[in-house]
Amino acid sequence: MRANVSKVLRWSAVDGPGNRLVLFLQGCNFACPGCHNPHTIGICNNCGDCVPACPQGALSLTNGTIAFDAARCDECDLCLRACPISASPMTESLTVEDVLAMLRQNLPFLNGITISGGEATVQAKFVEALFAAIKADPALAALSCFIDSNGHLGPQGWQRLMPVTDGVMLDIKAFAPGTHAALTGRRNDKSLESARIAQKAGKLYELRFLMVPGFTDSDAEIDALIAFARGLGPVRIKLNAFQHHGVQGPARDWPKMPRAGVEAAAAKLRAAGLGEVVTPSVWL
Ligand code: SF4
Ligand code: SF4
């Protein structure tokens, strides 16, 4: 079993509880114009358009397949800007055993692993196999297994993942269907249902809501978040603020979400009796 991986972070303190190894899987079923990692959305089709864009000669097309020489790469990311389908020529293919080996290497520093993306659940079979292998290994079984997801996965997918998953961090991009479609290219019914499924299983670690000026900072959206969270029962809510870091295309012209607007929304959520409400710890 292999995964197409965009990036590995050997440890992170911002992707779930404690210190975690994070796998960012390649490929996403949303196409958010405001994405901070747009090069994780597409899957490379070996077109070769990025090869001449690399000033280091780190890319080549051999027998119709893109090849990446990591030793030559100076991480300028010019290849990512050349790709017409928001993919990356720098992904790596990792097996379950590869990831287990990384966890063993870093074990003294880790509380768990988080699978993010792209969208983690696009490669759900790998996630299921990896988490099952972690739990079956006596040396690794104490690590918690978390998924960071946009929630665009049906109940049958969650049925397979939930028994081996300890926590889910789930993004709701918007409540008004038209706003959600504008921000993601997809409907939000699966994401809302995924939050309910994770909460019912006692594994919804965090419900995340991205505030984007002119889209999701309205009273109607915050009121909808309050109503939805009340329906779920006690849940930690994380409000995120749209920033420009990594964003490409027209969304670079969108205004940044001001801190005051996020703090006002957080105050409204707290006044509504919702439990833990978290705001960004860093403002760019
Ligand atoms: S990020 Fe690396 S592979 Fe991509 S263009 Fe720059 S040097 Fe070449
Ligand atoms: S990363 Fe993009 S530009 Fe490069 S070969 Fe793949 S699809 Fe083509």
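Begin by selecting glycine 118, which is placed in the loop between strand 6 (112-117) and helix 3 (124-136); helices (H or I, at least four residues) and strands (E, at least two) are DSSP runs, numbered from the N terminus. This is a predicted model, in which local features need pLDDT of at least 70 and side-chain atom pairs count only at pLDDT 80 or more, while totals for chains, interfaces and linings use all residues. Residues are numbered from 1 along each chain as its sequence is written, chains are lettered from A and ligands numbered from 1 in the order in which they are written, and side-chain values use heavy atoms, with hydrogens and water left out.

At this position, a cis peptide bond joins glycine 117 and glycine 118, with omega about 20°. Select next asparagine 46, in the loop between strand 2 and strand 3 (59-62), where phi is positive at about 60° although the residue is not a glycine. Most residues other than glycine have a negative phi, and most peptide bonds are trans.

Now display the sheet: nine strands form an open sheet of mixed pairing, in the order 5-1-2-6-7-8-9-10-11, where two strands pair if DSSP finds at least two bridges between them. Strand 5 (92-95) and strand 11 (277-278) stand at the edges with a single partner strand each, so one side of each is left without a neighbour in the sheet. Strand 1 (residues 2-12) pairs with strand 2 (residues 20-25) in the antiparallel sense over five bridges, and valine 8 has leucine 23 in strand 2 as its bridge partner.

Finally, turn to the ligands. Ligand 2 has 13 residues around it, of which Cys44, Asn45, Cys47, Cys50 and Cys83 come nearest; a residue counts as near if one of its heavy atoms lies within 4 Å. By class, this shell around ligand 2 has eight nonpolar, four polar and one charged residues, where Ala, Val, Leu, Ile, Met, Phe, Trp, Tyr, Cys and Pro count as nonpolar, Asp, Glu, Lys and Arg as charged, and the others, Gly among them, as polar. Around ligand 1 there are 14 residues, of which Cys54, Cys73, Cys76, Asp77 and Cys79 come nearest, and the shell around ligand 1 has 10 nonpolar, one polar and three charged residues.
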